[in-house]
Structure formats: C-alpha cells, structure tokens
Amino acid sequence: MDVVLAEDHSLLRDGLTRMLEAHDCTVVEAVDNGPSLAAALLKHRPDVAVVDIRLPPTFKDEGLRAAIEARRHIPALPILVLSQYVEQLYARELLGDRRGGVGYLLKDRVSNVTEFIEALRRVAAGGTAMDPEVVASLLGRQQNRLESLTPREKEVLGLMAEGRTNAAIASALFVTEKAVGKHSANVFRKLGLGQSEDDNRRVLAVLAYLEDN
Amino acid sequence: MPANPITRRLALPGWSVLRFSLTVVAAVLLAAAIVTGALVVFWIGIPVAVGVFLAIRVWANSQRRIIGEQLGVDIPCPYRERPKARIDQQALWLIREAATWRDVAWLAIDATLGFLVNLIYLCVFGVAVYYLVQPLLLVTVFQSAPIPVVNDFGFYDFDTPAKTLMLVPLALACGAAWWRWGELFLRWYSHLGVLLLGPTSNAVLTARVSELRQSRDATADHAAAELRRIERDLHDGAQARIAALSLTLGMAEELLDHGKPDKAAPLVTEARQTCSDVLEEIRQLVRGIHPPVLADRGFTGALQAMALDHPLPVSVVDRLHDKLPAPLEAAAYFATNEVLTNITKHAEATQVQVIVHHEHGQVEIEVRDDGRGGAAVCPGGGLDGVRSRLAAFDGTLTVESPEGGPTRVLMTLPAVATGRREPDNASRVAPTADAA
C-alpha cells in the first residue's frame, strides 16, 4: 500500500514511517509542509495519505486545506488526518463531499498500533475513521433525538459512527456479529434511516444524521 | 426639543419662560452665596455655606438637564465621587472641587446675563405678538375700552385703533427677527452654559485615567491568576503523570532486562494509557490558553466550531468582514464561550442565537436565548468575569434578562480591523454553521 506522509516534526515523521513500513505500507514520500504535500498527493496519487493538520508555512490548518483541495482534484482520494485536537467543524468539512475514504483521528491514537493500522486500511478501502471524541460530541448534541435508543444501541451507533464494521463492533463489545446486526437494524429503524448493506454508505448515513440539527 | 424647525421655534418661548424664572432662583442663590461668603469669617457661616453650595449643585443639575434637552446634547456631571469621610472633610472636598466654582461662575452669569438674554428674547416675541393682534382686539372685544398706554411712544401717540395698524410693521419686523435669530440667540447662550457646566477636559482625562487604571489592575490580576492556574495544572497534571510514566517504563525496562517480557507488557500498556491521559490533559490546558481553532480560523471559524460543539442548537449570524486583531479575537472568543456555557448551565433554553456585527470601529456580539431569564451580572459571577475581561479592551457587557426570559446579552469591543479576512477555502466546501 503506497502512503504519502505529511508531518513536520521529524521524530514523529520517522516514527510513523517506521511503523507504516512495518505493516506492509510503502511510504512513497514523507513531506514536512503544506505546499509539498499538495504536490506529492497529485504526483503519487497514493492509496492513502496520512496528514498532520498543522503544517508549515502557516502552522494553521494547512494539512486539512491541502487534503480537501487534493480531493477536489482526485475525488475520493483516501486521506487520514491526524491532529493534536479534534474539532467537529473540521470533521464536517472533511466529510463535506460525502464520499468516504476519510479519517480524522487524534494524534495519540497512533499509540494503539493495531487500531491505527486498522483505521488506516479502512480509510484506504474507502471507509471512514472518525475519532471517538468527535463521535462523542456529535452524540452529545443529539440527545433528544436519540432518546428512543437503548444504551447498547447507543454504543453500537457510536462505534458505527467511528466507521467500524459490524465485525469490529462485535469484537469491541464482546458480542456476536449477529447481535450487532440486530442492534444496528433497530437503530436504523428507530432513527428512520434507510437500511443499507454497504458498510461505508451506512456510516455516512449515520454521520449525516448526527450532524444534522 | 422637537426636530421639526417650526414646532421647535414655537416651543422655545416656553423654554425661555422656564429659564427666565430660574434666573430669578439663580439671583436668590447668588445673593445667598455672597451673604454666606461674608459670614464664613464667623464659624457659623461654614455649615451654611456648605448648604448653599449643595443647593447650587441641585440648581446646576437642573440647568444641565434643561440645557441638555434644549440643545439635544448630554452634559455629563463633572463632580468627582464623594469620598467616604468625616463631615468637615467632605465640606473641604466640596469647596476644593473646581466644578463647584465653575457652577458658581455660571450662577453669576445666569443671574445677570441669563436674565437679560431671556428678557430680550421674550420682549421681542411679546412685542411681535402683541402689536400684531392689538388692532383686531381693539375693534372687536375691547371696543369700548381705552387705548392702552403702551401705544404712547412719546414722539407719537397711536391713540385710535386705525393708528395702531401703523404699528403692525414693527410687530412684523420683531416677528421676523424672532424667527430668524431668536433660536440662534438662545443657543449661543446655552452653549456658554455647556462650557461651564460640563466637565473640563482635565476632568474627563482624570476620569478616563482612573477607569484605565482599574481595568489595567483587573487585567494584571487576571493574567497572574491565569499563570498560577496554568502552573498548577501543569504541576499537578502533566508533570506528575510524566513522572509516573517514567517510573512505569523504568520498571518495564528492568523486567525486560531480567528476561520477563510477559510481565513487562502490561506495564508498557499502562505507560501508553498514561501518555494518552497526559496528552488529553495538555489538550484541555491549551484550549484554555488559546484554542487551536482560533489560531487556525480566527474568531469566525472558532465561533462556528463553538456553535457545533454546543449541546443546544446555536445559529450564528456572522457579519464580520474583516479579521480582528489577535488579542481582541481571543477576548471575543472567551467572552462568547463563557456566555454560551452560562446558557447551558442556567438558562434552560432550547434555542440560542449569536449575532456578530462590525460597525463604526466597534464589534458587537449579541447572544440571545429563549431560556427562563433572570440572568444578572453579580460580583464574582461568570458574567462579571466576562465584563472585566472585556473592560480590559474598553469593551462593555449589557444583559437584558427579564424573569421568564428571553435573555439578550450584548457585548461590544472597540476594534480597528487589521485587514481583509483571509480567503477561507476549506470552509467553503462544507455547509457553514449558519445553516445549523
């Protein structure tokens, strides 16, 4: 899997490169600023890009802007954005084109290597990886509309919004995949969302529902 | 004073009569002041003088109101705040104050010049009205009455109704003069009053300096408290956790050295968890110092992010066209954030609206909610903190919150924009918070 990496701290850049290479990824280019990132994305068209949100020269949301701009040129280019803090506003902007293939995670999630690599693969496959913190704040503002859900169904909804598949949700909650299927069907029925077999479309529907005020 | 020039002119004689009668009061007060001034030589005069000065203040305040109303200006009270002290010290403070003596000067002017000015004005008006209607009255209602003596001008006696007609041109001339110059005349005199009754530029500056000193002290206190909080948070939080982390890793290292990787693994997992906790703590701390989204997107973006994170639906109307200077952005952000947090805690609202304007070098942030109202700025409360934060930038906070709601909090900050807002590529892709 070809990866373009953008991270301005050399220690973290090297660490990420090492970790990615250790998990069957080829880092085709590792850059340390916004303009080189934009150029590298267009040049290599990688399977997935791992991008730090704050990059030189402005040290603002350079990485996010470059990612969104690149996806305008190469639709659905898979991009996983890393940040020291998460904002719903930025999650919204990343998901703006409703195409999937986006991830938005806190930087320290990298420390859980297995989960991080799983999220990266999901994004590369056109899926979604939302940070639990973003999901929690999305769920937090929809309390009225989620009243009808049982606590278990809310848990399933949260994990689904993070972008996990039924199998992953099952292993996270220590239940069978069939049980997860039943819970998610209930969630979709209670929220009045159309059922879909496609994991990714299902996730996008959930995120759209949660974002919608 | 009415804005219409005709009704304004017609209302003026009434004002003039009022001020004319007040000049009589002024004359009495002036006489009292002179007499008590002489009496001060004997001790008994001192309390009387204080009483007279206080009476002059009451009179001067009524003058401020009347003149202010007439000219459509606000004449601020020039008196300094009365100190809490013994009676005799208060008396001394009263006598030392420059504004007291300026009041006395205006008293002398109003009792003499003011008397004349209003007398002339009213005479001209009276002559115009009287000689204009006199012929009419003499041939109708007062047919049998003798011709009034005011028609004997010495060099000629207009002693028949027909002859009084010859005085109509005089009335018309006076009327024209009254119409053309009467208002200007009174205004000129009133402006003289504004000069003496208003605060001197010195007094204005003194008040401003004391205001600035207060807000500077508050800012310094606030900054010191913030630094203490940050120091404490780092000391009790991140530093302590990192120390524990290094201990855990040390133990894991030892176990690995002794060839017990299975026992080291849980320690490493624990260390990783501690890392996440430390990062989370630092994140919270950074948000409190300067939220990253504010650095990235400025106040506008941070406001959108704030609206999205709020548990209630917050609609944002942002009419800010320019980027604000960085210190103001932070002040505006924290103030708005505090008000929004207050709403979550106390208001029991279902809808919140934030409106941001930038006009005439002033940023206005208005936060409305449909909650239960009754919000007030009480010392030490959240809104009081916002007020003092804004005061450091010459900003203000006003709260309208009747019992039962709705609540409207208006914050203003004087601001000179630093330039055009940067083009916002990323935010154009997504729906903005306006739709939220």
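User: To start with chain B, which residue is the bridge partner of D369(B) in strand 6 of chain B?

Analyst: The bridge partner of D369(B) in that strand is T407(B). Please keep in mind, as we go on, that this is a predicted model.

User: And how do strand 4 and strand 6 of chain B pair, in the parallel or the antiparallel sense?

Analyst: Strand 4, residues 362–369, and strand 6, residues 407–414, pair in the antiparallel sense, and eight bridges join these two strands of chain B.

User: What is the order of the strands in the open sheet of chain B?

Analyst: The order is 1-3-4-6-5, which makes an open sheet of five strands with mixed pairing. At its edges are strand 1 (314–318) and strand 5 (396–400) of chain B, each of which pairs on one side only. Neighbouring strands in this sheet are turned by 15 degrees against each other on average, with direction ignored.

User: Which strands does helix 9 of chain B lie across?

Analyst: Helix 9 (residues 292–309) lies across strand 1 and strand 3 (352–359) of chain B, and it runs at about 165 degrees to strand 1. Helix 11 of chain B, residues 382–391, lies across strand 5 and strand 6 of that chain, running at about 150 degrees to strand 5.

User: Switching to chain A, what does its sheet look like, in terms of strand order and pairing?

Analyst: In chain A there is an open sheet of six strands in the order 2-1-3-4-5-6, and the pairing is parallel. The edge strands are strand 2 (26–31) and strand 6 (128–130) of chain A, each pairing on one side only. On average, and ignoring direction, neighbouring strands here are turned by 20 degrees against each other.

User: How many bridges are there between strand 1 and strand 2 of chain A?

Analyst: There are five bridges, and strand 1 (residues 2–6) pairs with strand 2 of chain A in the parallel sense. As an example from this pair, L5(A) has A30(A) in strand 2 as its bridge partner.

User: How many helices does chain A have?

Analyst: Chain A has 10 helices, along with six strands. It has 213 residues, of which 46% count as buried.

User: Now the backbone: where is there a cis peptide bond?

Analyst: The peptide bond from P56(A) to P57(A) is cis, with omega near 5 degrees, and P57(A) sits in the loop between strand 3 (48–52) and helix 3 (62–73) of chain A. As background, most peptide bonds are trans, and most residues other than glycine have a negative phi.

User: Going on to phi, what is its value at R45(A)?

Analyst: Phi of R45(A) is near 40 degrees, a positive value in a residue other than glycine. R45(A) belongs to the loop between helix 2 (34–44) and strand 3 of chain A. A76(A) also has a positive phi, near 60 degrees, and is found in the loop between helix 3 and strand 4 (79–83) of chain A.

User: Why does A76(A) count as exposed?

Analyst: A76(A) counts as exposed because it has 12 other C-beta atoms within 10 Å, and a residue with 12 or fewer is classed that way. R45(A), with 15 such atoms within 10 Å, is partly exposed.

User: How many residues does each chain bring to the contact between them?

Analyst: The contact takes 20 residues from chain A and 23 residues from chain B. On the side of chain A that touches chain B, there are four nonpolar, seven polar and nine charged residues.

User: Last topic, confidence: what is the mean pLDDT of chain B?

Analyst: The mean is 85, and 95% of the residues in chain B reach 70 or more. Over residues 419–436 of chain B, however, the pLDDT is below 50. The model as a whole scores ipTM 0.83 and pTM 0.69.

Note on methods:
Residues numbered from 1 in each chain as written. Chains lettered and ligands numbered in written order. Predicted model: local features only at pLDDT ≥ 70, side-chain atom pairs only at ≥ 80, totals over all residues. Helix = DSSP H or I, 4+ residues; strand = E, 2+ residues; numbered from the N terminus. Buried ≥ 20, exposed ≤ 12 C-beta atoms within 10 Å, placed from the backbone. Contact = placed C-beta atoms within 7 Å. Nonpolar A, V, L, I, M, F, W, Y, C, P; charged D, E, K, R; others polar. Pairing = 2+ DSSP bridges. Axes fitted to C-alpha atoms, helices over the stretch in contact; angles between N-to-C directions. pLDDT = per-residue confidence, 0-100.
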